[in-house]
Amino acid sequence: MKKLYILSLALFTSAASFAQFVYEPFNFTGVAATATNGWTTHGGTTGQITTTSGSLSYTGLLASTGNRVSIVAGNNEDINKATTSAITGAAYYSTIIRVQNTTSLHLNSAAGDYFFSATSVASATTTAFQGRLYIRQGSAANTVNLGVLNNSGGTAAPTFAATDYPVNTSLFIVIKYDIASNTASLWVNPVPGAAEPAATVTNATGTTAAPTNINGLVIRQGGNATNGTGNVELDEMRIGTTWAQVTPQATASLTDNAIAGLKVYPNPVSGNNFYISSDATAVKSVAVYDVLGKQVINTKVENEAAINVSNLNAGVYIVKITEEGKTATRKLVIK
């Protein structure tokens with residue numbers, strides 16, 4: 001099933017600098033770890049992590065509509081998805097989670113267990129996990145604590161945020177793993193689109209040497225029905241090299257009236273072409289960007305000339321039109 005993505009000017013303005021690493025809205029049904037979906041099982045029983053209909057959302061965050069995945073108390077499949085290129089320096093990654101209940105979670109007095117991380121080795125045999133997101137029961141009933149651990153080794157122990165977060169509530173999670181300092185930072189419910197704030201907590205207790213780069217994301221199930229990672233839904237995963245790439249805001253609007261009489265049609269596009277017209281007959285420069293900010297079309301056209309989109313997938317795109325020194329942007333839907 002194809003999903004239509006809600007795009008904003010915030011996405012467009014970052015398009016020129018966006019490095020495409022991973023954006024995972026779980027735009028598929030069934031088992032997650034398949035070659036088509038890009039996820040690989042590296043531990044446990046293959047096929048346990050599957051999609052559930054309906055997407056998680058968080059206020060202000062650019063999001064999709066469609067599916068989410070779940071980890072289940074007692075299950076043990078662990079999966080990873082490789083980035084399209086290696087990340088050096090620092091990796092930022094984010095996800096929306098919803099903890100369904102406190103079943104099988106470690107007690108509040110324990111160190112908990114982790115269920116989401118980055119990895120320096122995205123493969124079927126990886127054992128390297130950096131910037132791990134930990135979970136345990138909160139101090140109050142039907143709540144959880146979240147923490148972060150930088151790496152393995154030594155007397156490594158996660159650092160937990162002091163807040164008790166209620167179950168059945170969507171939480172927006174951002175983690176930064178800094179390779180140079182071998183440090184992990186955690187933010188819980190930061191404001192999408194805002195500047196990077198001080199971290200909720202940081203951790204550098206793991207003594208295993210930092211890797212040279214980060215190459216993927218990991219979803220992990222603890223495999224213990226009594227003291228494990230519990231029942232958690234995850235969605236909207238992103239990884240990149242900047243805060244802005246993983247916290248895109250959904251509320252910015254598109255430039256409307258910079259070009260007189262501008263029309264982009266048909267919209268939605270159900271065939272192979274769309275057209276652009278305006279009051280002027282001047283040649284127009286046209287750039288089209290996908291949901292990850294990647295430029296997929298760059299061309300110049302006469303007024304009302306056809307622009308071919310037959311090689312593009314169904315979804316929502318941003319079109320940037322420049323004419324006689326004026327620029328406008330439009331949302332374009334391809335069916």
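Which strand is joined to β9 by 2 bridges, and do the two run parallel or antiparallel? The answer is strand β10 (residues 159–160), which runs antiparallel to β9, and the legends below take up this strand and several other details.

The model shown is predicted, so local features need pLDDT of at least 70 and side-chain atom pairs count only at pLDDT 80 or more, while totals for chains, interfaces and linings use all residues. Residues are numbered from 1 along each chain as its sequence is written, and side-chain values use heavy atoms, with hydrogens and water left out.

**View 1**
Strands are DSSP runs of type E with at least two residues, helices are runs of H or I with at least four, and both are numbered from the N terminus; two strands pair if DSSP finds at least two bridges between them. Strands β8 and β9 pair in the antiparallel sense over 6 bridges, and R136 stands opposite N145 in β9. These two strands form a hairpin with 5 residues between them, and N142 in the turn has a positive phi of about 60°. Strand β9 also pairs with strand β11 (residues 165–166), again in the antiparallel sense, over 2 bridges, and there V144 has Y165 as its bridge partner. On β10, the residue opposite V148 is T159.

**View 1. The open sheet of β17, β18 and β21.**
Strands of a sheet pair through backbone hydrogen bonds, either parallel or antiparallel. Here 3 strands form an open sheet in the order β17-β18-β21, with antiparallel pairing. The edge strands, each pairing on one side only, are β17 (263–265) and β21 (306–308). Neighbouring strands of this sheet are turned by 25° against each other on average, direction ignored, an angle taken between axes that are lines fitted to C-alpha atoms (for helices over the stretch in contact), on a scale from 0 to 180 degrees between N-to-C directions. Strand β18 (residues 273–277) is joined to β21 by 3 bridges, and F274 has I307 in β21 as its bridge partner.

A pair of aromatic rings is described by the distance of the centres and the angle of the planes. Rings of Phe, Tyr and Trp (its six-membered ring) pair if their centres lie within 6.5 Å, and planes under 30 degrees apart count as stacked, over 60 as edge-to-face and the rest as tilted. By this rule the count comes to 9 aromatic pairs, including the tilted pair of Y114 and F129, with 6.2 Å centre to centre and 45° between the planes. Y114 lies in strand β7 (residues 113–119) and F129 in the loop between β7 and β8 (130–137), 15 residues apart. Y114 counts as buried because its relative accessible area is 8%, and F129 counts as buried because its relative accessibility is 11%. Another pair, Y265 and Y275, is stacked, with 5.6 Å centre to centre and 20° between the planes. R132 lies over the face of Y114, at 4.6 Å from the ring centre; a charge sits over a ring if NZ of Lys or CZ of Arg is within 6 Å of the ring centre and within 35 degrees of the ring normal.

A salt bridge is a side-chain nitrogen of Lys or Arg within 4 Å of a carboxyl oxygen of Asp or Glu, and a search of the whole structure finds 6 of them. In one of them, K81 meets E24, the closest N and O atoms being 2.7 Å apart. K81 lies in strand β5 and E24 in strand β1 (residues 22–24), 57 residues apart, and both K81 and E24 are buried. E233 forms a salt bridge with R98, with the closest N and O atoms 2.8 Å apart, and R68, R98 and E233 are linked in a network of salt bridges.

Conventions. Buried means under 20% relative accessible area, exposed over 50%, partly exposed in between (1.4 Å probe, protein chains only).
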